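The tour below goes from one selection to the next and says what is found at each stop.

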Amino acid sequence: MTQISAPRIGIAGITGRLGTLCAEEAGDALVGGLSRTADTQRNITTDPATLAKSCDVVIDVSHASTVPAHAAAFAQAGCAWVLGTTGLDQGAQDAVNAAAQHIPVLQAANFSPALTLFLELARQLGAGLPDYDAEILEVHHRQKLDAPSGTALAIGRAVAEGRGVRLEDVARTDQNGRRPDGAIGFASLRGGQIVGEHDLVLMAADEQITLSHRALDRRVFARGALLAARWLAGRPAGLYTMADALKR
Ligand SMILES: NC(=O)C1=CN([C@@H]2O[C@H](COP(=O)(O)OP(=O)(O)OC[C@H]3O[C@@H](n4cnc5c(N)ncnc54)[C@H](OP(=O)(O)O)[C@@H]3O)[C@@H](O)[C@H]2O)C=CC1
Ligand SMILES: O=C(O)C1=N[C@H](C(=O)O)C[C@H](O)C1
């Protein structure tokens with residue numbers, strides 16, 4: 001492995017809420033960005049292939065619809081890809097998996113260190129309390145486009161993994177009808193400027209346990225994305241997680 005000591009960083013979704021903060025955190029390592037509107041003064045292009053050619057790693061916090069095109073362009077250019085965009089359908093996820101055959105890809109619905117540890121705890125709770133009713137509540141700002149959040153789905157996947165089942169087989173987003181045994185339920189609230197809140201609640205008749213995470217400042221995601229980018233650049237092709245980047 002040739003670790004790159006000061007990787008050149010590009011940002012897809014550079015004009016967005018998180019992309020703007022990632023650009024600030026990248027400082028001098030920032031070489032440019034991707035947007036639907038080009039800006040030559042800031043080295044912002046509309047073409048993923050053009051950005052990829054000038055970078056060692058792209059931090060992608062844009063929109064799920066861009067993922068297949070980004071996957072193809074970054075794989076072709078050999079550019080590492082930190083993917084934080086959520087709301088991917090199966091086709092987009094297949095494109096991510098295919099790109100990871102050619103380039104290093106770190107995919108994380110949530111770049112927070114504490115939330116990364118939360119996923120490990122959720123796996124343990126799922127395994128240790130297999131018969132408890134599991135419900136995941138997520139709360140976000142009124143502008144968020146996808147629901148349930150990518151993080152809520154990742155928490156659900158971790159609980160399901162701990163239980164040895166597939167989330168697709170037990171996920172419950174429609175609350176009508178009696179709660180099926182073994183279901184993993186999701187509920188979403190949208191309003192105000194909430195940065196991101198996630199609760200995992202496991203309930204039995206005689207006790208319940210709640211794991212809670214509150215993102216208080218969006219910058220926690222930007223700092224995590226930069227840590228991931230610096231860790232990923234120069235690694236072998238493969239699909240990595242935030243837990244890989246945070247291993248000590
Ligand atoms: N992994 C993590 O830790 C985190 C992930 N996220 C995820 O990152 C993504 C971006 O979040 P956020 O910055 O809040 O979102 P914003 O809407 O503020 O920014 C997204 C940017 O993507 C660009 N874009 C490209 N194509 C589209 C499209 N079809 N529709 C809308 N925007 C598009 C837009 O830039 P332009 O108009 O210039 O083209 C937009 O500014 C989301 O998927 C979100 O869930 C968010 C926070 C943390
Ligand atoms: O859109 C957001 O804001 C966030 N999105 C991510 C998600 O969908 O889980 C992470 C974080 O919760 C903020």
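**Stop 1: a parallel pair**

Select strand 7 (residues 133–140) and strand 9, which pair in the parallel sense over seven bridges. This is a predicted model. Two of the facing pairs can be picked out by residue. Leu137 stands opposite Ala187 in strand 9, and Ile136 has Phe186 of strand 9 as its bridge partner.

**Stop 2**

The open sheet has five strands, in the order 8-9-7-10-11, and its pairing is mixed. Strand 8 (171–172) and strand 11 (208–215) are at the edges with a single partner strand each, so one side of each has no neighbour in the sheet. To see how strand 8 is attached, look for the two bridges that join it to strand 9; these two strands run parallel. Here Arg172 has Gly185 in strand 9 as its bridge partner.

Next, show helix 5 (residues 113–128), which packs on the sheet. Helix 5 touches strand 7, strand 10 (196–203) and strand 11. The direction of helix 5 makes about 165° with that of strand 11.

**Stop 2: Ser188**

Select Ser188, which lies in strand 9 (residues 184–190).

Draw a distance between the C-alpha atoms of Ser188 and Ala147: the value is 6.6 Å, although the two residues are 41 residues apart along the chain.

**Stop 4**

Move to the strands numbered 3-2-1-4-5-6-12. In that order, seven strands form an open sheet with parallel pairing. Strand 3 (44–45) and strand 12 (238–240) are its edge strands, each pairing on one side only.

Strand 2 (residues 30–34) pairs with strand 3 in the parallel sense over two bridges, and the bridge partner of Gly33 in strand 3 is Ile44. Then show helix 4 (residues 90–99), which packs on this sheet and touches strand 5 (80–83), strand 6 (104–107) and strand 12. The direction of helix 4 makes about 140° with that of strand 6.

Go on to strand 1, which pairs with strand 2 in the parallel sense over four bridges. In this pairing, Ile9 stands opposite Leu30 in strand 2. Strand 1 (residues 9–12) is covered on both faces. Ile9 and Ile11 are on one side, Gly10 and Ala12 are on the other, and all are buried.

**Stop 3: ligand 1**

Select ligand 1 and display the residues around it. How many residues surround ligand 1? There are 24, and the closest are Gly16, Ser35, Arg36, His63 and Gly84. Helix 1 (residues 17–26) gives the most to this shell, with three residues. Coloured by class, the shell around ligand 1 has six nonpolar, 16 polar and two charged residues.

**Stop 4: two domains**

Colour the chain by its domain assignment, which gives domain 1 (9–111 + 219–246) and domain 2 (113–215). The C-alpha centres of the two domains lie 26 Å apart. Nine residues of domain 1 and eleven residues of domain 2 take part in the contact.

For the domain 1 side of this contact, show helix 8 (219–232) and helix 9 (242–246), each of which supplies at least two residues. Helix 9 gives the most to that side, with three residues. The side of domain 1 that touches domain 2 has five nonpolar, four polar and no charged residues.

**Stop 5: ligand 2**

The surrounding residues are Thr86, Ala109, Asn110, His140, Lys144, Ser149, Gly150, Thr151 and Gly196. By class, the shell around ligand 2 has one nonpolar, seven polar and one charged residue.

Definitions and conventions
Residues are numbered from 1 along each chain as its sequence is written. Chains are lettered from A and ligands numbered from 1 in the order in which they are written. This is a predicted model: local features need pLDDT of at least 70, side-chain atom pairs count only at pLDDT 80 or more; totals for chains, interfaces and linings use all residues. A residue is near a molecule or strand if its C-beta atom, placed from the backbone, lies within 6 Å of it. Ala, Val, Leu, Ile, Met, Phe, Trp, Tyr, Cys and Pro count as nonpolar, Asp, Glu, Lys and Arg as charged, and the others, Gly among them, as polar. Domain bounds come from an automatic or database domain assignment. Two residues are in contact if their C-beta atoms, placed from the backbone, lie within 7 Å. Two strands pair if DSSP finds at least two bridges between them. Axes are lines fitted to C-alpha atoms, for helices over the stretch in contact, and angles run from 0 to 180 degrees between N-to-C directions. A residue is buried if 20 or more other C-beta atoms lie within 10 Å of its own, exposed if 12 or fewer, and partly exposed in between; C-beta atoms are placed from the backbone.
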